[in-house]
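Dear colleague,

Please find below the structure that I am handing over to you. I should be grateful if you would read the notes that follow with the model open.

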Amino acid sequence: MQLVLSWPVRLLVVGILVLSLFVDGSGYVYRIANHYKLTGPVPGLPPNFGGWQLYFHKGLDLSGGTHIDYQLTNFPNGQNRADVQQRTIAVINKRVNALGVSEPEIRGAGANNDRITVDLAGVNADQAQKTIGAVSKLVYTKWVKDDKVQGGPQQGYKPALTGLTGDDISSATATIDSNGTSWVVNVQFTSTGGSKFDALTRDAVAACPGAGNDCPQRHLTIWLDLTQKDIDNWEDSSYVAKLGTRYDPGCLAAQTPDTVCGKFLTDPTTVEEIAGGQAQISGAFTQQSATDLATGINSGSLPVDLVALDVTQVSATLGAESVKLSIAAGLLGLAIVVVFMMVYYRLPGVLASLALIFYAGAVLAVFKLVPVTLTLAGITGFILSVGMAVDANVLIFERFKEEVRAGRTITAAVDAAVRRAWPAIRDSNTSTIITCVILAFIGPAVVQGFAKTLAIGVVVSLISSIIVTHNLLAIVLAGSSFRRAGLLGVDRVRTL
Amino acid sequence: MSERSDVDAAEQSADIVADGAPEAKVAPAPVAEPKTRRLNITGRRNLFFALSLIIIVPGIVSMATKHFALGIDFAGGTELTVAFANHPSLAQVQGAVDAEGVNGSVISTGGDGYIIRYPPLTASQVTGIEADLKNRLGPTNVQQILVVGGTIAGETIALSALAVVVASVAILMLLAIRFRNVPGGWRAGFQFGGSALAALLHDVFILTGIFSIMGALLHWRIGEIDAFFVTAVLTVVGFSVHDTIVVFDRIRENLRVSQRLSFEQVVNLSIMQTAARSIITSFTVVLVLAGILIAGGSTLQGLALALLIGIVSGTYSSIFNAAPLLVVWRRLQPLR
């Protein structure tokens, strides 16, 4: 106790709080002076504290957007799972950047590095899933004779993987072909990819040489995401009938192990050997589908399969509504508490209200500094911490009245009240903080946001009630004109 | 930091007064005039225990037989929150949803708002349903879409239960440590911790029981439990312990300075001295919550109601259950 109330500590804590308010406040002044908008991130605004712009980071339930939890499956054998997870995150990042989302949040999760959580503000679930799960793994196949094959692009033949895939492509661009009539995708192979492609085209032409000749072996077919498992099923005609239809990005992005989606892209005849590592993919593209394919190829392929475990989409209007409601609820709560304290505890109540407003400002500044992502549950935690902040004050004031009734002088009563209320305040808040820490680590995601804001609120409220309220009381009551029974809410006051 | 107050004991005992209605054989001489209104709470403890049981027992029966009405994040599935511009009736919306043949059910949220629930669907299915609703019922405003798979739902339940259990144990340990220096040592510490834990479980059971009755028995939508409900339970755990610690702290202090009073009298006195604070604090929080319940949107109303029930219960249990329980425990296991 002595430690907490010693003057250097008081000055230090008050100093930190004032500084945090000053930094936050000066941020607003800077924004107003330079005609920036007052809330949210501003592109081009120089960072105004420790390299950070200060603003409230709103969770998706307040800003509107989509949240998806993905399960990663089919990890490649013999690779470090954490690395695979990081690579997957990098690919998702590239894909999402094409959407132009501000501050996308893509985090790894799961005890086994087998989860990825994606938060995208202002994007609907459909668009998000199509972009993230977009299949971009180009697969080149050649054809081998198999008499049992009934359907597919080449009757009596089944495809064989050539080892040439989208991973061998260094860049892809969507463009209009030389005739200026249809959309195509130009690809540039890497050096190994280029030589693989050169060899494949040479073999294809050699299968039935001569200009104008055509045979199935002369076709190098391009698929999206074709696997060996698909090829093994090639003799099942109904399977091939579905698989051999034009690729369906929506189906592929949302596929489950049991769905069969179209994966066929194009089946061109190889006219001549192509060296130099450049090729063109044509095949009834629209501008959109050509661009999507190019973007997909450029961002690389996912090393694993993604299965969406849960999807949450909140519209921006609902988010804005929630923001309004929580601000209203917070202000209402604060107003009720302030009025009640002033009526019931008179002068100490007024001082506690001052401390409370100070407290609210400090907590909000901490939220911006950390930064804490505010969600509905988080705001509830904050509003509740207001209740707990009041509690510490109530404990002190009730004790203060008792001490005055017991015949102490005002000054002695203030000190005794704070000192005697301290064990209860300390123990009760410790229990809350312990609960919060446990929740922040093992609770479900919603609960974690709540636990963080509540913990910050409780810590600041401890400082606010013990140090700020106490010092305000001590300073104000040093003036004898305030030492009146009526002002203090007690029956009589002992005068020295 | 020392537990000892540096105000000396003799001086402090001046404000400790004997219980007004002692049933004890050796009645201490009443000191001074009564300063706090005196009720004999520890004496009537059986009445208060019974009152708690009246609510808890039906709640437990309901939980055991009917379980809970689960919200989407616990049950899994797909939930669309939609507002229609053309003001269709509930029957019209239900008709349109039935025609989709995906096994959907419709709940009205008042006004033009509806919540439509399906089994878990894929993204393309959801897009299809959105388009279909638009076709059948006119312009829609889809406010929220939730798709929760079984894995996540199971994990949320497991994590929530684990969080409650771990938090309870941690609180028991904290109290045992904090109260081990009252006369009686560690064993007394566990008596304090255990009584607080009992009061905490009391509040958890009251809250979950009432929600089971409202949700599973009466089929009110506000009685559905979801992750927000877990948040509420945990907050109530925090508040309940908060209240209980304040009473126990006073008992700890009074035990040190008053040698003349019996344990039961000390407890009763401590309850009386702290009741005003407990009720005032809870009252302010209740006011805030009532505000959210009335003004808040449907997302926050369930949370506010749960907190309201839990905090009232928490205040009741710390005054009327935790401390009297301590007296019962002390009788069964005397420590002095």
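The notes below describe what was found in this structure.

This is a predicted model, in which local features need pLDDT of at least 70 and side-chain atom pairs count only at pLDDT 80 or more, while totals for chains, interfaces and linings use all residues. Residues are numbered from 1 along each chain as its sequence is written, and chains are lettered from A and ligands numbered from 1 in the order in which they are written.

Chain A as a whole

Chain A contains 15 helices and 13 strands; these are DSSP runs numbered from the N terminus, with helices being H or I of at least four residues and strands E of at least two. Of the 496 residues in chain A, 45% are buried. A residue is called buried if 20 or more other C-beta atoms lie within 10 Å of its own, exposed if 12 or fewer, and partly exposed in between, with C-beta atoms placed from the backbone. Among contacts in chain A between residues at least 6 apart in sequence, 70% join residues at least 24 apart; two residues are in contact if their C-beta atoms, placed from the backbone, lie within 7 Å.

Helix packing in chain A

Helix H12 (residues 376–405) and helix H14 (residues 445–476) of chain A pack with their axes 7 Å apart, at an angle of about 25 degrees. H12(A) is therefore roughly parallel to H14(A), a term for angles under 35 degrees. Here axes are lines fitted to C-alpha atoms, for helices over the stretch in contact, and angles run from 0 to 180 degrees between N-to-C directions. H12(A) also packs with H13(A): their axes come within 8 Å and cross at roughly 145 degrees. Residues making this contact include A:Leu395 and A:Phe400 of H12(A), and A:Ala417 and A:Ala421 of H13(A).

The contact between the chains

The contact takes 62 residues from chain A and 62 residues from chain B. H13(A) gives the largest share of the side of chain A that touches chain B, 15 residues.

Helix H5 (residues 123–137) of chain B has 15 residues and should span 21 Å at 1.5 Å a residue, which agrees with the 21 Å between its end C-alpha atoms; the expected span is 1.5 Å times one less than the number of residues. The buried residues of H5(B) are B:Ala123, B:Val126, B:Thr127, B:Ile129, B:Leu133 and B:Leu137. They cover an arc of only 160 degrees around the axis, so they lie on the same side of H5(B); the arc is that of the directions from the helix axis to the C-beta atoms. B:Ala131 and B:Asn135, on the other side of H5(B), are exposed. The cover over the buried residues of H5(B) includes helix H5 (125–132) of chain A. B:Gly138 follows H5(B) and has a positive phi, near 90 degrees.

In helix H8 (residues 227–257) of chain B, 28 of the 31 residues are buried, so H8(B) is largely enclosed by the rest of the structure.

Individual residues of chain A

A:Lys368 lies in helix H11 of chain A and counts as buried because it has 20 C-beta neighbours inside 10 Å. A:Lys368 and A:Tyr55 are 313 residues apart in sequence, yet 5.4 Å apart in space, C-alpha to C-alpha. A:Asn74, in the loop between strand S2 (65–73) and helix H4 (81–97) of chain A, has a positive phi near 55 degrees although it is not a glycine.

With kind regards

Conventions. Parallel < 35°, antiparallel > 145°, perpendicular 65-115°, else oblique.
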